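Please read this report with the model open beside you.

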Amino acid sequence: MKTDNNNTYKVPLLPLRDIVIFPHQTTPLIVGRQKSVNAVKEAINNNSFIFTTIQKDPKIEDPRENDIYATGTLSSIEHHIVESDNIKLLVKGVKRGRVRSYNDTGVYVYVEVEAVEDIVKDTLEIEALKRQLISAFSEYAKNTNLIAPEVVAYTTAIDNPSVLANSIAGSIKMKSEEKQNLIEIAELDKYMNKLLERLFGEIEILDIEKRIKAQVKKQTEKAQKEYYLNEQMRAIQKELGEKDEFKTEIKELEDRIKKKKMSEEAHKRCKGELKKLRMMSPMSAEAAVVRSYLEWILSLPWYEHTEEKKDINEAKKVLDRDHYGLEQVKERILEFLAVKALSPDAKGPILCFVGPPGVGKTSLAKSIAEATGRNFVRQSLGGVRDEAEIRGHRRTYVSALPGKVIQSMRKAGSSNPVFLFDEIDKMSTDFRGDPSAALLEVLDPEQNHTFNDHYLDLDYDLSKIMFITTANTVAGIPPALLDRLEIIRLPGYIEIEKLNIARNFLIAKQLKANGVSQDQLAFTSNSIIRIIRDYTREAGVRNVEREIATIVRKVAKHILETGESKKRNTIRSSNLEKYLGVPKYKRSELEEKDLVGVATGLAWTEAGGDILAIESAVLNGRGKLTVTGKLGETMRESASAALSYVRTISADLGLKKEFYRHIDVHIHIPEGAIPKDGPSAGITMATSLVSALTKIPVKRDLAMTGEITLRGRILPIGGLKEKLMAAMRAQIKEVLIPKDNEKDVEEIPDMIRKSLNIMFVEHMNQVIERALRVDSPEQIWKGRIKADVQLPAMSQTSEIPIPPAQPQPNN
């Protein structure tokens, strides 16, 4: 839009990143930034000029007034194509301009621009400069192949000095800053002089590049010639001496075969292959295959073995040194090693350590290798889906190799290592075969003394190997393979075990790894407990170690920044957030008071245990049961069973005969985003329902777990250790568990048993009497006299600090 002053224009602004548009120069552009797109559309709609200038910093996405150069070009939009996320333009510079005012509407920027005319002083000097420019541009175009001859002819034919200078400026190679300096020069003679100076500089650079290119080409041709001649000489020398070299190689292989202790079958095969090799051309592909085959056979440990240690006490020391807790697991391992020591030829079971990540399955296998004096090899089976990964490929295939078992045996260097198959539950199957089927022969003591690898095609004895496998869950192990394994379960660590592992192992390990001494950094027990409770949720200690490593690294950085190498940094519970940020997990906490319809249940999770507040609400309705909280099918069925049981005892509770016809019942388990399933919340839901219907509150400091039947019997549950640990952490005082789980309490650590008043229950009526807050049972059983049933107590209650909940409950 033109103002009253014919020399001033109000036009939209199009800031460019690296492209300077000169007057009379046509340039294609792609506009993508929203403000720029709006500015282009405004110019198109009003059929006006658009002001183009470059940004001082190309990285700025939304440039302001101070981010652009004031001098640019008033340009016309010759052609445009609107696409989904940009506009393609063909822009032609019309005249130079200088910004007088800058206005940002929020949608686009428009500027008031004063047109800048060329200042011409001496027409004769201008004419001379014009001829010099034409001559220099022609020479520049000749030395570079970037400008088409048609462009050169068109440009040199331009008569107007200003148009000529602008056309040449837009055609030669210059940085955007240099082009901006040019466009800001108003005096035409200075402009042409500056452009001519730049042209001469470019011509000189092109001459140097041309000279360097010629030198490089000459040197390359010389190097190629030398390489070709050297290769010819090498071929001639090889032809003359290859027979002697091949004879020497054959002799070396023959000596190695004679000295190598291996099976008679392998000896016979090696001699036959060596005989074939003698008759082959040394350069043939088949000879390379035979050489590789012989190397594999000769490098395997056929009869080499390490001396096995049989000191059980030493083995116990190693296991205790490397692993805290896990007493039952260590005991079973020591029994296994004792049998091996007394009866070396006994075909014992294959151990399979099953447990969640981070509990020490792989490190246990390493400790067993150290305790027995055997070498250790590990083979991960995660993602393996090809049978050839175990058995190898036949030699008929190009680049065939033995399977992972034989490769690992060569790496072990002995015939009796501890061989760990890690993540055995992560194998899969496809059209290439089933690797678990190939493992059957490897792990079966009745078959593995004649293991036959497809590549070797020889029987290899694996019976002296101590095989150990690991898995996260038994469900992923094929049944036929599971039948050959002895499962040793590694439960998650309880809080006190994690504390001791961190104090005795993890902190020292991370201090050493990060170059920080014990004099420079110390952790209080409360700080470690808070890391375990507020920053990790796991059965093992892997994430605990990561959080400790994070703190040690931050302290190491602080020591270097401040130079305070002698100052002792103490990590306390109060300053933990300075290093690890806000807590990642929220603690499970008890209700502040006894509530009607709210009962506390216990859940098992992969990361330990958790408490669940189960809520019931009774509403006016028509007998509908609603269950919410992302519950699985089993848990929904438990809710239905609980409601059916409550209906059977409704008369005893003093409820009306058909009370359920006029109400709706809603059972909800909070943390609705976390999947929950299992039958062990049955008695908790029944207690919550009885409380809601009788309006009697449930004891806030009492928790329970157990499966309920329609007759009110309470069936045993699993995951007792984790559930009682969750109750202890949440400061629960009394826990109700099924009578049939009494035998499992012996395996619960003393610390947990002494902290809780554990009660064994057989029938739901016992749970109701114990859980509801009443002065006498008659307040509950308004319709009958209660049966006389005694509830055995195991221990007295004591309090401990509040720990957190664990994620993803699975009852």
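## Overall build

Of the 811 residues of the protein, 46% count as buried, where buried means under 20% relative accessible area, exposed means over 50% and partly exposed lies in between (1.4 Å probe, protein chains only). This is a predicted model, in which local features need pLDDT of at least 70 and side-chain atom pairs count only at pLDDT 80 or more, while totals for chains, interfaces and linings use all residues. Residues are numbered from 1 along each chain as its sequence is written, and side-chain values use heavy atoms, with hydrogens and water left out.

The protein has 24 helices and 24 strands. Both are DSSP runs numbered from the N terminus: helices are H or I with at least four residues, strands are E with at least two.

The radius of gyration is 42 Å, whereas a compact globule of 811 residues would have one near 28 Å. That radius is taken over C-alpha atoms, and the globule rule is 2.2 Å times the number of residues to the power 0.38. Along the principal axes, the C-alpha trace spans about 125 × 95 × 60 Å.

The accessible surface comes to about 41500 Å². Carbon and sulfur atoms hold 50% of that surface. Areas come from the Shrake-Rupley method with a 1.4 Å probe; for residues, only the protein chains shown count as cover.

Contacts tell of the fold's reach along the sequence. Among contacts between residues at least 6 apart in sequence, 75% join residues at least 24 apart. A contact means heavy atoms within 4.5 Å.

## Pocket and cavity

Both kinds of space are found on a 1 Å grid over the protein atoms alone. A cavity is a set of points where a 1.4 Å probe fits but cannot get out. A pocket is an open set with protein on both sides within 12 Å along at least five of seven lines. Lining residues have an atom within 4 Å of a point. Grid points are joined across faces, edges and corners, and a volume is the space filled by probe spheres set on the points.

The second largest pocket has a volume of about 640 Å³. Its lining has 25 residues, and Gly358, Gly360, Ser363, Val541 and Glu545 lie nearest the centre. Helices H11 (361-372), H16 (495-513) and H18 (542-562) each supply at least two lining residues. H11 gives the largest share, six residues.

Four cavities of 30 Å³ or more are counted. The largest cavity has a volume of about 70 Å³. Helices H9 (312-322), H10 (327-342) and H11 each give two or more residues to the lining of the largest cavity. H10 gives the most, with three residues. Among the lining residues are Lys309, Ala315, Leu337 and Thr372.

The table sets out the two linings by class.

## Single residues

Gln510 lies in helix H16. Gln510 is buried, with a relative accessible area of 11%. Not counting residues up to four places away in sequence, Gln510 touches Glu545, Ile548, Ala549 and Val552.

Glu370 sits in helix H11. At 38% relative accessibility, Glu370 counts as partly exposed. Beyond four places away in sequence, Glu370 touches Lys309, Val318, Arg321 and Asp322. Glu370 and Ala315 are 55 residues apart in sequence, yet 8.1 Å apart in space, C-alpha to C-alpha.

Arg391 belongs to helix H12 (residues 388-391). Arg391 is buried, at 15% relative accessible area. Its contacts, not counting residues up to four places away in sequence, include Gly403, Glu441, Asp453 and Tyr455.

Which loop holds His24? His24 is in the loop between strand S1 (8-16) and strand S2 (26-31). Its phi is near 70°, a positive value in a residue other than glycine. Lys630 also has a positive phi, about 55°, although it is not a glycine. Lys630 is in the loop between strand S18 (625-628) and helix H20 (633-648). His24 counts as partly exposed at 36% relative accessibility, and Lys630 counts as partly exposed at 49%.
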